[in-house]
Amino acid sequence: MAGRILLLVLFMNAVFFIVNAVPETCPANLGGKCGEDGEWEGEFFPGVPKIKYEGPSSKNPLSYKWYNAEEVILGKKMKDWLRFSVAFWHTFRGTGADPFGAPTKYWPWEDGTNSIAMAKRRMRANFEFLSKLGVDRWCFHDRDIAPDGKTLKETNSNLDEVVALAKELQGDKIRPLWGTAQLFMHPRYMHGAATSSELGVYAYAAAQVKKAMEVTHYLGGENYVFWGGREGYQTLLNTDMERELDHMAKFLEAAAAYKKKIGFNGTLLIEPKPQEPTKHQYDWDAATTLNFLRKYGLLAEFKLNIYCHHDLETARINGMLGNIDANTGDPQVGWDTDQFLTDVGEATMVMISVIRNGGLAPGGFNFDAKLRRESTDVEDLFIAHISGMDTLARGLRNAAKLIEDGSLAELVSKRYSSFDTELGAQIEAGKADFEMLEKKAMEWGEPKVASAKQELAEMIFQSAL
């Protein structure tokens, strides 16, 4: 009898666990409201107004102090210089997890599932966020906005369903700055995607990019990004590097051809990254990536998506600066921390490059940045973006001030003034041979070397901050 009672208790406990393990489709205890169909009702951010420009003296954390979208700087509106975009993956899929700790963020609208219904709810939250922030661009990975299915066909169907809602919510004022395929998280991509040693993975990755490019085009996206997160090697002992690079080139060549086939006029962007997550990425930095594109005859088909703290000038002087990931790292931490940029000096340097480039359109700044693990309030999503936008806006103002003042440009020009001579012009035109230069060296004797005036340059720069 005791054994039967014990079995009954165990059975009831099991039933209770199974019933309670099924997540609700809409939580009722976190301030939100659900309709009869389980859909979220009302605002996702009810305590947050539309963010407005209030100027540098404002103490309101939910206001812009430096970003005044319609203000004209050096002949362009601020919003046209900066072209801000919200990144769906960090903003709406970021959990606060890191290599050492579990997730810390549980947004009110989340129900613990990765269902189509949940994906649609996140998309609605995304567009309310954009509206309140006053930003008219967003960017996404395919798997961030819609869940995987049991087959590729089902996965594509899931994506189509969520994208149809996004198209409706966008209207005619909002569009993606860019879209991309997530070719790094799923275990199938452990050896890479375009550089995988497995033919089946290469084909699957191609199918995924094809679909992601189609939906980006459908949504009116202005660019399409390739980040080769797994395109690299851990050791050369088991890697045919030449073959992998050849495969990656053929993959990108096919992507460029398909872009033209479907009439997508957006720019194709490659995102260099040195050591994340492999020991050596094939797209290590701007120079390495440019050499790769040049070798395989792809320079005309691609531009680069560069990190703020990366090599902007290398991309710019080669005419390949297409877009900027607006984030920064921490020099004391050994991995990419994807922090919102708050260093005004760094932002000013970034904006000097952007101004020299004549702007970024059709690219822009996407916030590939995430809240700190300890920041868990919904309000923090707004504060982080406001801070990042204000920092770059302040950088734009400072860069314009430096350019209009002219002192820094004059210092640089004076440093190279010895080349503003007849012989200097011959050298730069490729008309001075070694015999001519040897004759001049013999005639002039030991050259005088002027000061670089680094401290003066830094003083001029700091005065603009």
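**View 1. Helix 7 and helix 8 cross at roughly 30 degrees.** Helix 7 spans residues 199-218 and helix 8 spans residues 241-261. Their axes come within 11 Å. Axes are lines fitted to C-alpha atoms, for helices over the stretch in contact, and angles run from 0 to 180 degrees between N-to-C directions. The two helices are therefore roughly parallel to each other; angles under 35 degrees count as such. Their crossing is right-handed (the near helix is turned clockwise from the far one by less than a right angle). Helix 7 makes the contact through Tyr-202, Ala-205, Ala-206, Val-209, Lys-210, Met-213 and Glu-214. Helix 8 brings His-247, Lys-250, Phe-251, Ala-255, Tyr-258 and Lys-259. Contact means heavy atoms within 4.5 Å. By class, the contact has 8 nonpolar, 1 polar and 4 charged residues.

This is a predicted model: local features need pLDDT of at least 70, side-chain atom pairs count only at pLDDT 80 or more, and totals for chains, interfaces and linings use all residues. Residues are numbered from 1 along each chain as its sequence is written, and side-chain values use heavy atoms, with hydrogens and water left out.

**View 2. The largest cavity has a volume of about 170 Å³.** A cavity is a set of points on a 1 Å grid, over the protein atoms alone, where a 1.4 Å probe fits but cannot get out. The whole structure holds 1 cavity of 30 Å³ or more. Its lining counts 19 residues; these have an atom within 4 Å of a point. Leu-183, Phe-226, Trp-227, Gly-228 and Glu-231 lie nearest the centre. Strand 10 (223-226) and helix 8 each give two or more residues to this lining. Helices (H or I, at least four residues) and strands (E, at least two) are DSSP runs, numbered from the N terminus. The lining has 13 nonpolar, 3 polar and 3 charged residues.

**View 3. The largest pocket has a volume of about 1400 Å³.** Of its 49 lining residues, Trp-89, His-90, Met-185, Asp-338 and Lys-370 are the closest to the centre. A pocket is an open set of points with protein on both sides within 12 Å along at least five of seven lines. Helix 3 gives the largest share of the lining, 4 residues. The lining divides into 18 nonpolar, 12 polar and 19 charged residues.

**View 4. The second largest pocket has a volume of about 780 Å³.** Its lining has 24 residues, with Arg-415, Ser-417, Ser-418, Phe-419 and Lys-448 nearest the centre. Helix 15 gives the most, with 4 residues.

Note on methods: Grid points are joined across faces, edges and corners, and a volume is the space filled by probe spheres set on the points. Ala, Val, Leu, Ile, Met, Phe, Trp, Tyr, Cys and Pro count as nonpolar, Asp, Glu, Lys and Arg as charged, and the others, Gly among them, as polar. Angles under 35 degrees count as roughly parallel, over 145 as roughly antiparallel, 65 to 115 as roughly perpendicular and the rest as oblique.
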